[in-house]
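Visitor: I am new to this structure and would like a close look at one part of it. Could you take me through the aromatic rings and how they pair up?

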Amino acid sequence: MKNILFAASEGVPFIKTGGLADVVGSLPKNLDRNYYDVRVILPKYSCMKQEMKDKLEYITNFYMDYNWKSQYVGLFKAEQDGITYYFIDNEFYFTSFRPYTDDPIWEIERFGYFSKAVLSALPVLGFRPDLIHCHDWQTGLIPVYLKERFQGNEFFRGIKTVMTIHNLKFQGRWNVKDVQQITGLSDYYFTPDKLEFNKDADLLKGGIVYADAVTTVSPTYAEEIKTPFYGEGLDGLLRARSGDLRGILNGIDYDVFSPDIDKYIPSPYNAINFRKEKVKNKTALQQQFGLEKDEKCMMIGIVSRLTDQKGFDLIAYVMDELCQDAVQIVVLGTGEERYENMFRYFAWKYGNKVSAQICYSDELSHKIYAASDAFLMPSLFEPCGLSQLMALRYGTLPIVRETGGLKDTVEPYNEYEGTGTGFSFANYNAHEMLRTIRYAEQIYYDRRREWNKMIDRAMAVDFSWKRSAEKYQEMYDWLIGG
C-alpha cells in the first residue's frame with residue numbers, strides 16, 4: 001500500500017472557489033484504493049459552511065516555530081466518500097469571510113504557515129506519506145521546507161513531492177526580505193536558481209525547483225508554459241525541468257454532471273432521447289429569464305469568471321454584431337466590473353435576446369449547460385478548463401479558442417470527414433471568433449442532422465476522473481517505485 005497526501009488550499013465539498021477544489025475533491029476518490037491510501041489536508045477556514053464544520057472532529061494540537069513566534073497548530077479530521085481529510089486549525093490565519101484575501105504578503109504568511117504545519121503535523125498524525133502531492137503556489141513551500149529542515153529527521157527521509165500547477169499566473173511573489181523574515185529560510189534559498197525571481201521571492205518557483213516531479217492540468221498547457229507568452233516568466237525553469245514535467249487532463253465528476261440524473265434541470269435527458277427532451281430545458285430557461293420563447297432559436301451559453309483571461313474583450317468587441325444574428329445569449333458569472341456592466345448593458349439593449357445573471361449559482365450553471373445549444377469559451381489561455389467538459393457531457397457544443405486544455409478536449413468539426421465535437425479558432429482575434437460562431441450557426445440551422453451527430457459524439461467522449469486517475473497512478477509509481 002502506498003501512502004499519498006494531497007495538500008491544497010481548497011477542496012470540494014469543504015471549501016471551493018474554483019476548479020482546484022474540484023480536482024482535490026474528485027481525484028483522491030478515483031485512485032485505486034487497493035494500492036493507494038490517499039488522504040487530503042486543508043486549512044480549517046472559519047468561512048466553511050456550518051454543515052461541513054459539523055463533520056470535523058478534533059484530534060490534538062501542538063506548537064511550532066514560525067515567523068519568530070511559537071504558533072498554535074490544531075488538527076481536525078473528517079471522513080468524506082471514504083477519504084480521510086485533515087484540517088490545520090489556526091484562528092489567526094484562517095478566520096476570514098472568504099478563503100483568500102487581497103493582501104499578497106498576508107497570503108504568503110498564511111500559506112507559508114500552512115505548508116510548514118502540514119509537514120510538522122505528519123508525525124503527530126502518525127501518517128507517513130510516500131509522496132506529498134502539492135497543489136498551486138499556496139503549497140509551494142512544502143517541497144522547500146522538506147529539503148531544508150525536515151530531511152534530517154528519519155521520519156521524513158525519502159518522502160517524494162509532486163507540484164501541480166493549476167494556473168501559472170498565480171505564483172505567490174513578494175520581496176525577498178519580508179518572505180525570508182516570515183519563512184525563516186536562509187539566504188541560501190533566495191538565489192536565482194531557487195526561490196528568487198527578478199529580485200523577489202516566488203513560492204511557486206520554489207515548489208517547481210524542489211519538487212521531484214511537476215505536473216500541470218493538460219498536455220497542451222504543459223508545452224505552452226515552456227514558451228515566453230504563456231510562461232509567466234518561469235518558462236526557462238520549466239524548459240529546464242521538462243524531463244520531469246507532464247500534463248495530465250483534469251476530469252469532471254460524472255455523478256454530479258450527467259444530464260440523465262441532474263436534479264437541477266427540469267427535463268433530464270440522455271444520448272438516446274436528447275433530440276426530444278433537451279429542448280424542453282431551453283424553453284424552461286427562456287421563460288425563467290424572460291427571453292423570447294422559441295425552441296428553434298440557437299442559444300449560446302457562457303458560464304465563467306468574467307476576467308480578461310476568459311476572452312471577454314473579444315466578446316465585447318463583436319457583441320453588437322453577434323446580436324444581429326438569430327441567437328440568444330445567456331451569461332452567468334461574476335468578475336471584473338467592466339465585463340459585469342458590459343453584459344448588463346447588452347441585456348438591457350437586447351432584452352429579448354440576451355440574459356445576464358451576474359452572480360454565482362451552481363443550480364443556474366447546470367440549467368445553462370442543459371438548455372444551451374452551444375457554449376462559448378474564447379480564452380486567452382486555459383490550463384485545462386472544466387466548463388467545456390461539462391458542456392460536452394450535456395451535448396452543448398463548445399466554441400473555443402485552440403489553447404491549453406480547450407485544444408486537448410474539443411475536436412473541431414470537420415464537415416468533409418464528419419468528425420468533431422465542437423468548433424474552434426486559432427488566433428486571439430474577435431472576428432475570427434465571430435466567423436467561427438457564425439459557422440456554428442450555419443450548421444445548427446442548415447444541417448441539423450450533422451449538428452445532432454456532433455452531439456452524439458460529444459456525449460460519448462469520456463472525460464471522467466477515471467482516465468486521469470490512471471495517469472496520476474503511473475506517475476506516482478514512477479516516483480516511488482511501482
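Guide: The model is a predicted one, and the protein it shows has 18 helices and 18 strands. With 482 residues, a compact globule would have a radius of gyration near 23 Å, and the value for this protein, 23 Å, agrees with that. Buried residues make up 60% of the 482 residues, and 72% of the contacts with a separation of 6 or more are between residues 24 or more positions apart.

Within this setting, the structure holds 34 aromatic pairs. One of them joins Tyr-100 and Phe-111, whose ring centres lie 6.0 Å apart with their planes at 50 degrees, so the pair counts as tilted, given that stacked pairs have planes under 30 degrees apart and edge-to-face pairs over 60. Because Tyr-100 sits in the loop between helix 3 (91-94) and helix 4 (104-125) while Phe-111 belongs to helix 4, the pair ties together parts that are 11 residues apart in sequence. Phe-111 is buried, its relative accessible area being 0%.

A further pair, Phe-312 and Phe-343, has ring centres 5.6 Å apart and planes at 90 degrees, so the pair is edge-to-face. This pair links distant parts of the chain, with Phe-312 in helix 11 (residues 312-322) and Phe-343 in helix 12 (residues 337-349), 31 residues apart. Both Phe-312 and Phe-343 are buried.

Finally, there is a grouping of rings to look for: Tyr-45, Tyr-66, Phe-92, Tyr-93, Phe-94, Trp-106 and Tyr-113 form one aromatic cluster.

How values were computed
Residues are numbered from 1 along each chain as its sequence is written. This is a predicted model: local features need pLDDT of at least 70, side-chain atom pairs count only at pLDDT 80 or more; totals for chains, interfaces and linings use all residues. Side-chain values use heavy atoms; hydrogens and water are left out. Helices (H or I, at least four residues) and strands (E, at least two) are DSSP runs, numbered from the N terminus. The radius of gyration is taken over C-alpha atoms; the globule rule is 2.2 Å times the number of residues to the power 0.38. Buried means under 20% relative accessible area, exposed over 50%, partly exposed in between (1.4 Å probe, protein chains only). Contact means heavy atoms within 4.5 Å. Rings of Phe, Tyr and Trp (its six-membered ring) pair if their centres lie within 6.5 Å; planes under 30 degrees apart count as stacked, over 60 as edge-to-face and the rest as tilted.
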